[in-house]
Amino acid sequence: MYTCIYIHIYIYMYSSPAAPIGPAGPEGGEGEESPPPPVVYSRYTDDVLRDVVKKLEERTALLREKVIDPYATSPEVTPPVTPILKKEDYVRLKEEERVAKEEAERKKAEEAARKAEEIKKKNEEKRLEAEKKAKEERLAEEARRKAKRFPELSCFCCDLLFQPLENMMDSVVGSTIDPFTDRRYIAWMTLVAVAFNYNLWFCSARLAFPYHNETLNPYWVFFDILSDVVNVTDIVFWQPRLQFVKAGDIITNRKMTKVHYRESQRFKLDLISIIPFDLLCLHFEFSAVYRLNRLIRIVSFFEFSNRLESILAKAYIWRVIRTTGYLLFVLHLNACLFYVASVHQGLGKTTWVYSGKGSAYLRCYYFAVRSLINIGGLPEPTTIFEISFQMTNFFTGVFVFSSLIGQMRDVIGAATAGETYFRSSMDGCVSYMNRYTIPKLVQNRIRTWYNYTWTAQGMLDESELLDKMPLVMRTAIAVDINLATFQKIALFQGCDQQMLVDMLLRLKSIVYLPGDFVVKKGDIGKEMYVIKSGAVQVVGGPDNSIVFVTLKAGCVFGEISLLQSAKDGGNRRTANVKAHGFANLFVLEKKDLFDILVHYPESQKVLARKGRQLLKAKGPAAAKAAEEKQKGLALFGQKPPTPKMVRAFADLRKKGLLEKLKKNAAEMKRKHSLK
């Protein structure tokens, strides 16, 4: 506040005219004196105040101009005042503006023309490139068409040539084949695998050993032709019939399966594998080297192996055989290489090589077995070649046999995984019982249960296997096993079929040992039972020695208790049921049934009605109690008849006749007394 007052005083002192100090006349000549200079106490404050005064003066000047020029909008951004031009200046200015505008439009037109020319040039280049590319594609298509013309003609000729045989095959195996489930295709693939193994084993043996001579060559030719016939038959008649999956659909159309096979990579490899290079033997020396292209069909062997594993009940047997075959083939190759090395060194030249005596293949195979398995006892190699060959044999044997032994261990381990789990579970249970000193009788029964369950089912819990399957598969298995049995149950007849299917999926398998009580009289009924295998007996008597009925596989019991309530003991078991021998039962609990009935109200009404009918047919509990009481009174003999006189007095009393007579007599006596 004081600062503002000081500024105003300062402005007044410097902006107003100086007043005379002494007396002066109107002329003001000699009597005027100059004002004394201001006293400055602070140079910084003085400079700041002077600067503020200067800015205020400038602002005052701007405000004055605003008053003079009414078009000014603000003192800070006041626009310049439009100058008033003379006519000549105005005309000259407009002419300059027109010339500048025309020049700008001309430049703009030139720029647009230049851009249009560039775009036209680019479009022309693109058109030329497109024409060039189209021409190249046309030439490539013509080249491909020329290249495919001969194979297409060959396939067309083959189709015409083998049409009668294909029609005959259609009548035998059908137009198409399912490669995964058709046993006929798997049997045929067995023959194809034999043909492949013939070429694999004997071609290498014929290349290494001197098995080509005038005596054996006709046999080789015969078996070579036979294996080629099998391969050609597979390529022409069987492979084009295989069904395939496209976009989730199984294609069963014969033409589509044939086109699918001929457009596949496998068809090209199959064609290469049957090229008859054997015909070169007519010009050159007879040799098995011309048949090495037959080994390209190794895919057919692995396909046969996979298909065979999928249908075998014990696939691990085939895996063991296949692994053993791999081992024997490695030994076979080593025997061939040893004979070639012996020929290179010279037969019988050193103690290490094959001596040339006896069967060449057997002796070389014997050497391969002892060498690769590292049995020892082999002759010492003498030359550098022999030492190198033997060292390679040792290293190869260690690697190959360690791999094969590991693979064999995995195969056997996978085959016995279930039994291993069973043994470990049983051992753990026995250890638990021994730790808590369970009686031997109970331990023996538990061991019996383990052994029988494993022998009968091959597993301890079937639900572990079924839970891994999709719902459709589990439903199919459950329907196949138990649907017919459930449809025969009187209680469930007339119910929704889907409800029965849902019930089948809730069944649980339980194994009972001989003499085990499934239910006891008086127990709360919470389950119904379906006999899967074995038999149960309904027993009674003082020591349950009386057998009333024997129920066998497919029978059902305990179904009434599912619908009875606990009121008045309606859900109590009415008999004792025990297992006769080993019995495997399916159990359906009441809770599961009620969970299912929530979704089937109509079936719930049907079950309630049928439950009441069945209970009524069996009679209420009170009637049964009266019947049992009547049977007990029969021990005292027949009740004698009531005398007629007693019955008459009882009837009179019952009808109230005596009371009426007494009442009438009392009324007559009262009237007589009044008179």
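Phe 284 is partly exposed, with a relative accessible area of 48%, where buried means under 20%, exposed over 50% and partly exposed in between, with a 1.4 Å probe and protein chains only. The residue lies in the loop between α8 (265–273) and α9 (298–311); helices (H or I, at least four residues) and strands (E, at least two) are DSSP runs, numbered from the N terminus. This is a predicted model, in which local features need pLDDT of at least 70 and side-chain atom pairs count only at pLDDT 80 or more, whereas totals for chains, interfaces and linings use all residues. Residues are numbered from 1 along each chain as its sequence is written, and side-chain values use heavy atoms, with hydrogens and water left out.

**Surface**

- Phe 284 belongs to a nonpolar surface patch that it forms with Leu 269, Ile 272, Ile 275, Phe 277, Leu 280 and Ile 296, and together these residues have about 550 Å² of accessible area.
- Patches are made of residues with over 30% relative accessible area and no salt bridge, with like charges joined within 9 Å and nonpolar side chains (Val, Leu, Ile, Met, Phe, Trp, Tyr) within 5 Å; accessible areas come from the Shrake-Rupley method with a 1.4 Å probe, and for residues only the protein chains shown count as cover.
- Ile 405, found in helix α12 (residues 384–415), is exposed, with a relative accessible area of 57%.
- Although Ile 405 and Leu 327 are 78 residues apart in sequence, their C-alpha atoms are 9.7 Å apart in space.

**Helix packing**

- α9 packs with helix α10 (residues 315–345) at an angle of about 155 degrees, and their axes are 9 Å apart; α9 is therefore roughly antiparallel to α10.
- The contact (heavy atoms within 4.5 Å) is made by Phe 301, Phe 302, Phe 304, Ser 305, Leu 308 and Glu 309 of α9, and by Ala 315, Trp 318, Arg 319, Arg 322 and Tyr 326 of α10.
- Axes are lines fitted to C-alpha atoms, for helices over the stretch in contact, and angles run from 0 to 180 degrees between N-to-C directions; those under 35 degrees count as roughly parallel, over 145 as roughly antiparallel, 65 to 115 as roughly perpendicular and the rest as oblique.

**Salt bridges**

- With a salt bridge taken as a side-chain nitrogen of Lys or Arg within 4 Å of a carboxyl oxygen of Asp or Glu, the count comes to 36.
- Arg 98 and Glu 102 form one of them, with their closest N and O atoms 2.7 Å apart; because these residues are four positions apart in helix α3 (residues 87–161), about one helical turn separates them.
- The side chains of Glu 166 and Lys 258 also meet in a salt bridge, at 3.6 Å from N to O; Glu 166 lies in helix α4 (residues 163–173) and Lys 258 in helix α7 (residues 254–262), so this pair ties together parts that are 92 residues apart in sequence.
- Both Glu 166 and Lys 258 are buried.
- Asp 278 and Arg 294 meet at 2.9 Å, N to O, and Arg 294 counts as buried at 2% relative accessibility.
- A network of salt bridges links Arg 206, Asp 224, Asp 228, Asp 278, Arg 291 and Arg 294.

**Whole chain**

- The protein chain has 22 helices and eight strands, and 28% of its 675 residues count as buried.
- The chain exposes about 47100 Å², of which carbon and sulfur atoms supply 63%.
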